[in-house]
Amino acid sequence: MSAVAEVQKFKGTPGQIRRQRIERIGAITITLILAIWILVNIINSPQQFAQVAVLGLRNGLLYALIALGYTLVYGIIELINFAHGDLFMLSAVFSSYFITVWFKQDESNPAGWLTFISCLFAVMVFGAVINVLIERLAYRRLRNAPKLAPLITAVGMSFLLNFIGLKWNGSTPRQWPTVIPDNDIVIAGVEISMITILLFVVGIPLLLGLNYIVNETKNGKAMRATAQDKDAATLMGINVNKTIAFTFAIGGAMAGAAGLLYQQSIGTTNYNLGFQLGLIAFTSAVLGGIGNLWGAVVGALLIGLIQGLNDGLPIAFGQQWSQSVVFTILIIILVFKPAGLLGKVTTEKV
Amino acid sequence: MSTKVTKPNNVARSNRKWIIGYSIAGGILFAIYQFLLPWEGLPLGIYDAVYRWMPPAAVNESLVYVIMALGLNIVVGYAGLLDLGYVAFWAIGGYCAGWFMSEFFYFLNIHFFGSVAAQAPGIHINFWMVLIIGGFVCALFGVLIGAPTLRLKSDYLALVTLGFGEIIPQVFFNGENFFGYNISNGTKGIVQVDPIPIGVKNLGPFDFGWKLLIFILLTVIMVFISLRLRRGRLGRAWLAIREDELAASMMGVPLMRTKLASYAVGAFAGGLGGVAFATHVNGVYAERFNFAISIFLLAMVVLGGMGNVWGVILGAFILSWVNGNGLSAFGAFYNERFGTDVDFASFTFLLFGLVLILMMLFKREGLLPESRLKMVLHVEELDEAESSTGKKK
Amino acid sequence: MSNVLEAKSVSVAFGGLLAVNSVDFTIPRRSVVSLIGPNGAGKTTFFNVLTGLYKPSAGTIDYEGRDITDLPPHKIASIGIARTFQNIRLFGLMTAEENLMVAMHSRLKSGITSTILRTPKQRREEQGAEDRAQELLDYVGLGKWTYEFARNLSYGDQRRLEVARALALEPKVLLLDEPTAGMNPQESQVFIDFVKRLVAERDISIMLIEHDMKVVMSVSERVTVLDQGEKIAEGTPEQIKSNKRVIEAYLGKSKESK
């Protein structure tokens, strides 16, 4: 038998085998618990389940847009941009001002829809610009500093953006009218609102567009190269600074779009939004495998689903435990399977 | 052949200078609050000025933050582990006070050198013992939280600690009905805790001077613990981990155990601070514990200089004073002067955010750098300059 | 036991890449052995397996008759396998003395309480550690740099400090990863003499990874050659010098072979 085949047959040292067994048991247990919970609820109230599930998936799409920003940035400079969630929040506030205050649109009509579309472009530019600025002013200088420094700066930046949101939006949540039509369509007894349809109609092309940029364009290739090995990328003639700025730009644009979609669908803005949704989005990115774009999407949809089910179903923890449920998921993943669902484990080279 | 090298004693001398300096400052504060303010002959102007800019309640509250910042200093400053959820320990400490020093458990009647009458319902254990209990309960939670998570990389660890910093306070917030049990009275809070006994009397809500001394004592304890540990093998192990975890483990330092130790000792301070704070505000209120406090504490450690107890004391005192009293006092002063109506107190987030960002960008070693730390946060930049792809800064 | 360390059929696979392929390796008591091979041969990977940094995908490692394959790195260090690093990894912000005292961590016993209270026992222990550190520093010739920050030492002194730190573990096996990198011939000779002196004076075995053939040939009792993860030769320096496979591995084959 060839050496390679022999190695592949070998499962690992006794310690490693034990650990793998624990992980497998843990994963199966958790999946079983989840499956049972879902089944119980489907049997109990199938209509409600479908309703809540659709809502959950819709939220998941929103989380995906935000999660992509986290995973892109982490993939390229190994930094958790704590301020990303707050960028989403500012984008939501920006959208509310753009549509309702500056262009005074508060009804569902062609003028409103036109404003919506222009806002989509405007807010994506807004998100991109702010994100690039943040990177340029704060993170770039610390790119080669020990890990603690940029992390602390990111936390500080989050606070800064929080403050801007506080001043711009006020300290209490604000309600905003929406320009999205109010009616629902009914499929198989499940009410699906126009808002949900809009989210999918806007969100999915955005994701596909991002996929195209990352995989087919020169900039995207530069991004992936830099993410793998910064020094090698420089030697290949890639301008690392520009590439990183580009990454922040598209991450910021996604967050911007998410801000608009959130604002028009949920209709409220709150300066605290960034913290809540930011952590959920980051959990999604980690669940899917940090650095993996499709992982972020899959993770986000899953988290959205679980959270929606938890908040909306009768047999669940309920909304006041929402944050804790998501955090517990994050902790469990990081402890047992830090690579996430689709990620790869990397070893440090000595 | 053995060489005789004289051991430099500048560290010891510097420590002594700081001890003397802070002792004098503490003594002055105590004298002001215990003797000067109650004096009838005190000119009203001075009385007003003191109460406006440095009311004793604010000073005592700042000391609570100092105690906790010293705890966080052990985790972040010595061991280099970014803990963004320290508020969890503060909460646990507070509720320890609420459980063991109040009428919360009204259906029990346990007294142990308590400071209230023997008929009072609830658990009433002596304040000084509750301090120790709170400290150790928090240390235990530090180990429980750390055990599964300290293996993670610094970024993930930061995030997970943030998670715990959210979950634990949320448990208390929703604690009125925690799987059927009331563990915290939820948002109503635990409204009264026992007074502190000091032998001759029980300290009431206006005994600021004596409470100041007690809080100073707690600070001294934490400083003492920090400096002693730092000198011994645990402190060396922490510094080694902070600098190069891999090399440390290959030199025989057990990573998990050592990191857990830093969590435990750091959390202990949270327990002390939590119990102290409960007696300060005479109650335990769930909405007080929010994640922003963890970040405040981090800013205090960063401002003061990670790993330097003297700097951290200063940084914590300054920032907590500014946040608690300074901003609003300054705001009132400014608005009166210029006839404006600026809400200065709302600038807290801006202040702390800027402190973190600016300190990291320009003065990473803190206001009072531990002399060696000047280099730890610049180490890798120097290596970068020496590498083949010498990048422009 | 004539062998202080025995590695049997050790393989290390990273995903589909076999970095080390079924290598047997022994370190006899009080010997000096070397591991050489062209770049990418798997030497450092194998090295890391011996110290517990990587876990082998196959094979076992015995130390003093005990199976240590599953032990964590800090445990392996504390039972007597010490190493230095290819790129020096000192604790730059700690003094030379403190660097050594970190390595004594597993030998010191004081806990949290006795450290806080500075019990007489703890004080004695610390003093003993300081004395041992000074002894070791004198031994490697760094006696006057005790209280200097490691970062401030010259390159050569830093290399010596790394060795002193490894020695502070009181090891039976000392693994040196390219210890003469960056040294000129005189410094290399000083190093050779030092290695010989170590083995003569202490109950210690030394294993080197080296590229400097002069050092390898003059100090090793036995040389092992790795190429592309496989052991292709093992023997005395004389035998290896004239081994055809070894020469081919370093210089490449003269004819294209299919």
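The legends below describe close-up views of a predicted model.

**View 1. The contact between chain A and chain B.**
In this predicted model, 35 residues of chain A are in contact with 38 residues of chain B. Three helices of chain A, namely α6 (148–169), α9 (230–235) and α13 (322–336), each supply at least two residues of the side that touches chain B. Of the elements on this side of chain A, α6(A) gives the most, with 13 residues. Sorted by class, the side of chain A that touches chain B has 24 nonpolar, 8 polar and 3 charged residues.

**View 2. Helices α5 and α10 of chain A.**
Helix α5 (residues 110–139) of chain A and helix α10 (residues 240–266) of chain A have axes that come within 6 Å and cross at roughly 140 degrees. An angle over 145 degrees would count as roughly antiparallel, and α5(A) and α10(A) are therefore described as oblique to each other. The crossing of these two helices, α5(A) and α10(A), is right-handed. The contact of α5(A) with α10(A) has 17 nonpolar, 7 polar and 2 charged residues by class.

**View 3. Helices α11 and α13 of chain A.**
Helix α11 (residues 273–288) of chain A is shown with α13(A), and the two axes come within 10 Å and cross at roughly 30 degrees. Angles under 35 degrees count as roughly parallel, and α11(A) and α13(A) are therefore roughly parallel to each other. The crossing in which α11(A) passes α13(A) is left-handed. From α11(A), the residues Q276(A), L279(A), I280(A), T283(A), V286(A) and L287(A) meet a set from α13(A) that consists of Q323(A), V326(A), I329(A), L330(A), I333(A) and L334(A). By class, this contact of α11(A) with α13(A) has 9 nonpolar and 3 polar residues, and no charged residues.

**View 4. Helix α3 of chain C and its surroundings.**
Helix α3 (residues 96–103) of chain C is largely enclosed by the rest of the structure, because 8 of its 8 residues are buried. The buried residues of α3(C) are A96(C), E97(C), E98(C), N99(C), L100(C), M101(C), V102(C) and A103(C). They pack against α5 (120–139) and α6 (155–167) of chain C, together with α8 (233–243) and α9 (245–250) of chain B.

**View 5. The two domains of chain C.**
Chain C is divided into domain 1, which is made up of 1–80 + 171–258, and domain 2, which covers 94–162. The C-alpha centres of domain 1 of chain C and domain 2 of chain C lie 29 Å apart. To the contact between them, domain 1 of chain C brings 5 residues and domain 2 of chain C brings 4 residues. On the side of domain 1 of chain C that touches domain 2 of chain C, the classes are 2 nonpolar, 2 polar and 1 charged residues.

The place of S9(C) is in strand β1 (residues 3–14) of chain C, and S9(C) counts as partly exposed, with 14 C-beta neighbours inside 10 Å. R30(C), likewise a residue other than glycine, has a positive phi near 50 degrees. R30(C) lies in the loop between β2 (17–28) and β3 (32–36) of chain C, and with 15 other C-beta atoms within 10 Å, R30(C) is partly exposed.

Methods
Residues numbered from 1 in each chain as written. Chains lettered and ligands numbered in written order. Predicted model: local features only at pLDDT ≥ 70, side-chain atom pairs only at ≥ 80, totals over all residues. Domains from an automatic or database assignment. Contact = placed C-beta atoms within 7 Å. Nonpolar A, V, L, I, M, F, W, Y, C, P; charged D, E, K, R; others polar. Helix = DSSP H or I, 4+ residues; strand = E, 2+ residues; numbered from the N terminus. Buried ≥ 20, exposed ≤ 12 C-beta atoms within 10 Å, placed from the backbone. Axes fitted to C-alpha atoms, helices over the stretch in contact; angles between N-to-C directions. Parallel < 35°, antiparallel > 145°, perpendicular 65-115°, else oblique. Left-handed = near helix turned anticlockwise from the far one by under 90°.
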